[in-house]
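Hi,

Here is the structure I promised to pass on. Have a look at it first, and then read on for my notes.

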Amino acid sequence: TEVVATEVEDRPGGLASILEIIESAGLNIEYMYAFTFRTGDRAVIVFRFDNPDLAIAALQSKGVNIIGGVELYERAKQ
């Protein structure tokens, strides 16, 4: 299953800012989950979209950092 991992600020409203982009692009979320790393002020939200390529393009056009699988795995190991 192809998922899209994004990095957001770990603060109230962090998820809302991502959801606004998703809504304005007309994307559908099949499921999602989130987690934080013990360092820094960033959280990771992993989405399963019905159209992942469109989702990546929409998120990146608004400056959202998309995290690749290798990078996500390396962060999780720390």
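Predicted model: local features only at pLDDT ≥ 70, side-chain atom pairs only at ≥ 80, totals over all residues.

Ile-29 sits in strand β2, and together with Leu-15, Leu-19 and Met-32 it makes a nonpolar surface patch of about 270 Å². Both α1 (14-24) and β2 give at least two residues to that nonpolar patch.

Now for the sheet that β2 belongs to. What is the order of the strands? Four strands make an open sheet, and they run β2-β3-β1-β4 with antiparallel pairing. The edges are taken by β2 (29-36) and β4 (65-67); each has a single partner strand, so one side of each has no neighbour in the sheet. On average, neighbouring strands are turned by 30° against each other, direction ignored.

Two helices pack on this sheet. Helix α2 (residues 52-61) touches β1, β3 and β4, and its direction makes about 145° with that of β3. Helix α3 (residues 69-77) touches β1, β2, β3 and β4, and its direction makes about 80° with that of β4.

Ala-5 has a bridge partner on each side: Val-46 in β3 and Ile-67 in β4. Of the 6 residues of β1, 5 are buried, so the strand is largely enclosed by the rest of the structure.

Is Thr-6 buried or exposed? With 0% relative accessibility, Thr-6 counts as buried. Its bridge partner in β3 is Ile-45. Leaving out residues up to four places away in sequence, Thr-6 touches a list of residues that includes Phe-47, Leu-59, Val-64 and Ile-66.

Over in helix α2 you'll find Ala-55, another buried residue, with a relative accessible area of 0%. Which residues does Ala-55 contact, apart from its neighbours within four places in sequence? They are Leu-27 and Phe-49. Ala-55 and Leu-27 are 28 residues apart in sequence, yet their C-alpha atoms are 6.7 Å apart in space.

Last, the charged pairs: the structure holds 3 salt bridges.

- Glu-7 and Arg-42 meet through their side chains at 3.9 Å, N to O. Glu-7 is in strand β1 and Arg-42 in strand β3, so this pair ties together parts that lie 35 residues apart in sequence. Glu-7 counts as buried at 14% relative accessibility, while Arg-42 counts as partly exposed at 30%.
- Glu-9 pairs with Arg-11, with the closest N and O atoms 3.6 Å apart. Glu-9 is partly exposed at 39% relative accessibility, and Arg-11 is partly exposed with a relative accessible area of 40%.
- Glu-30 pairs with Arg-48, with the closest N and O atoms 3.4 Å apart. This pair links distant parts of the chain, as Glu-30 is in strand β2 and Arg-48 in strand β3, 18 residues apart. Glu-30 is partly exposed at 49% relative accessibility.

That's what I have for now.

Cheers

Methods. Residues numbered from 1 in each chain as written. Heavy atoms only, no water. Pairing = 2+ DSSP bridges. Axes fitted to C-alpha atoms, helices over the stretch in contact; angles between N-to-C directions. Contact = heavy atoms within 4.5 Å. Buried < 20%, exposed > 50% of the residue type's maximum accessible area, 1.4 Å probe, protein only. Patch = residues over 30% accessible without salt bridge, like charges linked within 9 Å, V, L, I, M, F, W, Y side chains within 5 Å. Areas by Shrake-Rupley, 256 points an atom, 1.4 Å probe, with all protein chains shown as cover. Salt bridge = Lys/Arg side-chain N within 4 Å of Asp/Glu carboxyl O.
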